[in-house]
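Colleague: Could you walk me through this model, please? I am new to reading structures.

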Amino acid sequence: MKLSLNWITLRVRDLEASLDFYNRILGLPIGRRFESRGRQIAMLGPEGQPKIELIEGNDTALKPECGVSVGFEVESLDAALEELHSRDIPVARGPISPNPSLRFFYVLDPDGFEVQIAEHSRTR
């Protein structure tokens, strides 16, 4: 069996606040929005890549403190830090450099889920 990642689902309290964070602040394109069984849903991410599925509701099945995080790669960690700082998004942890080719930090989304921003470099 050959598998490929399709999407990761986050249950959120306020879809508009989450869309503002993931779309406007992080720049993930909104692929589509729809309603299913009375719930508002949005799929975000570049074409041809796995998506983040946001489902609005009050019954969060997964709490932020369960250890789930979503990770994104950037070309420049310093530029990402500067951009998020200019948007008043505080860094929750980091920057961390566990080895010479990886640096990352975490911010929190509107529901408290950790979002990792990472830079891989072969020249460090």
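Predicted model: local features only at pLDDT ≥ 70, side-chain atom pairs only at ≥ 80, totals over all residues.

Colleague: Which side chain does a polar contact of 2.5 Å join to that of Arg 24?

Modeller: A polar contact is a pair of N or O atoms within 3.5 Å; within protein, one must be able to donate a hydrogen and the other to accept it, and residues adjacent in sequence count only if both atoms are side-chain atoms. At 2.5 Å, the partner of the Arg 24 side chain is that of Asp 20.

Colleague: Is Arg 24 buried, partly exposed or exposed?

Modeller: Buried means under 20% relative accessible area and exposed over 50%, with partly exposed in between (1.4 Å probe, protein chains only). Arg 24 has 46% relative accessibility, so Arg 24 counts as partly exposed.

Colleague: Which strands stand at the edges of the sheet?

Modeller: Two strands pair if DSSP finds at least two bridges between them; strands are DSSP runs (E, at least two residues), numbered from the N terminus. The open sheet has four strands in the order β5-β8-β7-β6, with mixed pairing. Each edge strand has a single partner, so one side of each is left without a neighbour in the sheet: these are β5 and β6.

Colleague: How many bridges join β7 to β8?

Modeller: Strand β7 covers residues 102-108 and β8 covers residues 114-120, and they run antiparallel. Leu 108 stands opposite Glu 114 in β8. The number of bridges joining β7 to β8 is seven.

Key. Residues numbered from 1 in each chain as written. Heavy atoms only, no water.
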